[in-house]
Amino acid sequence: MALSGLINGVIALTILGIVGLILLREFVKRWRINLRVSSGDESLLSDGSISMKTVTDAPPGSAIVSQVPAVEIKES
């Protein structure tokens, strides 16, 4: 009986640890993206691991249109 209780405790701690690590990873990822956005990091435009759902900072008269990808305009 004591062995099965110990095994159950180890399994529970392992699962809680994995869930905790996933949550911590997501928190750090979102925090880093917020820092990059607030500092105006231009490399966010070409970063393949990030997708912007809504652009809220735009010139006057702009409209939000769904399902239209943003394309970087390169100056010559």
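Visitor: Let me begin with the second largest pocket: how do the residues of its lining divide into nonpolar, polar and charged?

Guide: Please keep in mind that this is a predicted model. As for the general idea, rolling a probe the size of a water molecule over the atoms shows where empty space is left. In this case, the lining of the second largest pocket divides into four nonpolar, three polar and three charged residues.

Visitor: What is the volume of the second largest pocket, and which residues lie nearest its centre?

Guide: The volume of the second largest pocket is about 260 Å³. Its lining comprises 10 residues, and those nearest the centre are K29, R30, I33, I50 and S51.

Visitor: R30 interests me. With which residue does R30 form a salt bridge?

Guide: In general, a salt bridge is assigned when a side-chain nitrogen of Lys or Arg is within 4 Å of a carboxyl oxygen of Asp or Glu. R30 is paired with E26, and their closest N and O atoms are 3.7 Å apart.

Visitor: How are E26 and R30 placed relative to each other in helix 1?

Guide: The two residues are four residues apart in helix 1, so about one helical turn separates them. Their exposure can be read from the relative accessible area, where over 50% counts as exposed and under 20% as buried. R30 is exposed, because its relative accessibility is 58%, whereas E26, at 28%, is partly exposed.

Visitor: How many salt bridges does the structure hold?

Guide: The structure holds three salt bridges. Beyond the pair of E26 and R30, one is formed by D41 and R36, with an N to O distance of 2.9 Å. Another joins the side chains of R36 and D47, at 3.2 Å from N to O.

Visitor: Which parts of the chain does the pair of R36 and D47 link?

Guide: This pair links distant parts of the chain, with R36 in helix 1 and D47 in the segment after helix 1, 11 residues apart.

Visitor: Which residues form a nonpolar patch on the surface?

Guide: The patch consists of L3, L6, I7, V10, I11, I15, V19 and L23, and together they have about 760 Å² of accessible area. Take I7 as an example: this residue is found in helix 1, which covers residues 2-38. I7 is partly exposed, because its relative accessible area is 44%.

Visitor: What separates the C-alpha atoms of I7 and S62?

Guide: I7 and S62 are 55 residues apart along the chain, and 59 Å lies between their C-alpha atoms.

Terms used. Residues are numbered from 1 along each chain as its sequence is written. This is a predicted model: local features need pLDDT of at least 70, side-chain atom pairs count only at pLDDT 80 or more; totals for chains, interfaces and linings use all residues. Side-chain values use heavy atoms; hydrogens and water are left out. Patches are made of residues with over 30% relative accessible area and no salt bridge: like charges are joined within 9 Å, nonpolar side chains (Val, Leu, Ile, Met, Phe, Trp, Tyr) within 5 Å. Accessible areas come from the Shrake-Rupley method with a 1.4 Å probe; for residues, only the protein chains shown count as cover. Buried means under 20% relative accessible area, exposed over 50%, partly exposed in between (1.4 Å probe, protein chains only). On a 1 Å grid over the protein atoms alone, a cavity is a set of points where a 1.4 Å probe fits but cannot get out, and a pocket is an open set with protein on both sides within 12 Å along at least five of seven lines; lining residues have an atom within 4 Å of a point. Grid points are joined across faces, edges and corners, and a volume is the space filled by probe spheres set on the points. Ala, Val, Leu, Ile, Met, Phe, Trp, Tyr, Cys and Pro count as nonpolar, Asp, Glu, Lys and Arg as charged, and the others, Gly among them, as polar.
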